[in-house]
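Here is a short tour of one protein chain, written for someone meeting structures for the first time. Keep the picture open while you read.

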Amino acid sequence: MKMSDSREIAADRATVWAALLSPEALKECVPGAQEVTGTPEDGFEAVVVQKVGPVKATFKGSVTLTDMVEPESLTLSGTGKGGTAGHAKGSAAVRLEEIEGGTRLHYDVEASVGGKLAQLGSRIVDGFAKKMADQFFARLEAAVIQPEKVPDENTAETDDEAPKKGWFRRMLG
């Protein structure tokens, strides 16, 4: 499977770059992520629970970052194993471009799946991959945008599932 796209994110390039290298941000942005640990230098380990069509599995995987040109581009390469559900491997070339009002993130993904996942057919797997990418980038943007108003303790959101706007930017200070 191959997929290419670009997204405009209403945050400066340095903030988007920092979020892509943060295990905390990645855990919040990757749909179904239960755990993300590691560093950009040593790579990340992740546990992700996902349902693709009728197949639900816990995937354990690793991601390495190469070809890093701060804050312009990097390549992510990873593998994941979901037990009897199958396995996946792939890479994504990511490029960040400064634009008026934020950053344009370009990505080119190449991935393959095996096991029960491969038996689902490319239409289901490709649709799932597109949905995951859309969710990831929506969550990434929510994490890095400049919050219009930072809520105080008395007006904090009560829905624990709602993404907190600008949380990563506030964490950076």
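In which strand does Leu 74 lie? Leu 74 lies in strand E5. Before going on, a word on the source: this is a predicted model, where local features need pLDDT of at least 70, side-chain atom pairs count only at pLDDT 80 or more, and totals for chains, interfaces and linings use all residues. Residues are numbered from 1 along each chain as its sequence is written, and side-chain values use heavy atoms, with hydrogens and water left out.

**The whole chain**

The chain holds five helices and seven strands. Both are DSSP runs numbered from the N terminus, with at least four residues (H or I) for a helix and at least two (E) for a strand. Follow the sequence along and you get the pattern β-α-α-β-β-β-β-β-β-α-α-α. Of the 173 residues in the chain, 38% are buried; buried means under 20% relative accessible area, exposed over 50%, and partly exposed in between, using a 1.4 Å probe and protein chains only. Contact here means heavy atoms within 4.5 Å. Take the contacts between residues at least 6 apart in sequence: 50% of them join residues at least 24 apart.

**Back to Leu 74**

Is Leu 74 buried or exposed? Its relative accessible area is 3%, so Leu 74 is buried. Setting aside neighbours within four places in sequence, Leu 74 is in contact with several residues, among them Trp 17, Leu 65, Met 68 and Val 94. Ala 93 is also in contact with Leu 74; the C-alpha atoms of these two are separated by 6.1 Å, although they sit 19 residues apart along the chain.

**The sheet**

Strands of a sheet pair through backbone hydrogen bonds, either parallel or antiparallel. In this model, seven strands make an open sheet in the order E1-E7-E6-E5-E4-E3-E2, and the pairing is antiparallel. Two strands count as paired if DSSP finds at least two bridges between them. Which strands stand at the edges? They are E1 (2-9) and E2 (33-39), each with a single partner strand, so one side of each has no neighbour in the sheet. From one strand to the next, the twist averages 25°.

| Strands | Bridges | Opposite residues |
|---|---|---|
| E2 and E3, antiparallel | six bridges | Ala 33 and Val 48 |
| E3 and E4, antiparallel | nine bridges | Glu 45 and Ser 62 |
| E4 and E5, antiparallel | eight bridges | Val 63 and Gly 78 |

E2 and E3 form a hairpin with three residues between them. E3 and E4 form a hairpin too, with two residues between them, and Gly 53 in that turn has a positive phi of about 60°.

**Helices on the sheet**

Helix H1 (residues 13-20) packs on the sheet and touches E1, E4, E5, E6 and E7. The direction of H1 makes about 165° with that of E6. Axes are lines fitted to C-alpha atoms, for helices over the stretch in contact, and angles run from 0 to 180 degrees between N-to-C directions. Helix H4 packs on the sheet as well, touching E1, E3 and E7, and its direction makes about 20° with that of E1.

How do you describe a helix pair? Two packed helices are described by the angle between their axes and the distance between the axes. For H1 and H4, the angle is about 120° and the axes are 10 Å apart. That makes H1 oblique to H4: angles under 35 degrees count as roughly parallel, over 145 as roughly antiparallel, 65 to 115 as roughly perpendicular and the rest as oblique. The contact is made by Thr 15, Val 16, Ala 19 and Leu 20 of H1 with Phe 136, Leu 140 and Val 144 of H4.

**A cluster of rings**

Rings of Phe, Tyr and Trp (its six-membered ring) pair if their centres lie within 6.5 Å; planes under 30 degrees apart count as stacked, over 60 as edge-to-face and the rest as tilted. By this rule there are two aromatic pairs. The rings of Tyr 107 and Phe 137 have centres 4.9 Å apart and planes at 25°, so this pair is stacked. It links distant parts of the chain, with Tyr 107 in strand E7 and Phe 137 in helix H4, 30 residues apart. The rings of Phe 136 and Phe 137 have centres 5.1 Å apart and planes at 85°, so that pair is edge-to-face. Together, ring pairs link Tyr 107, Phe 136 and Phe 137 into a cluster. Tyr 107 is buried at 4% relative accessibility, and Phe 137 is buried at 8%.
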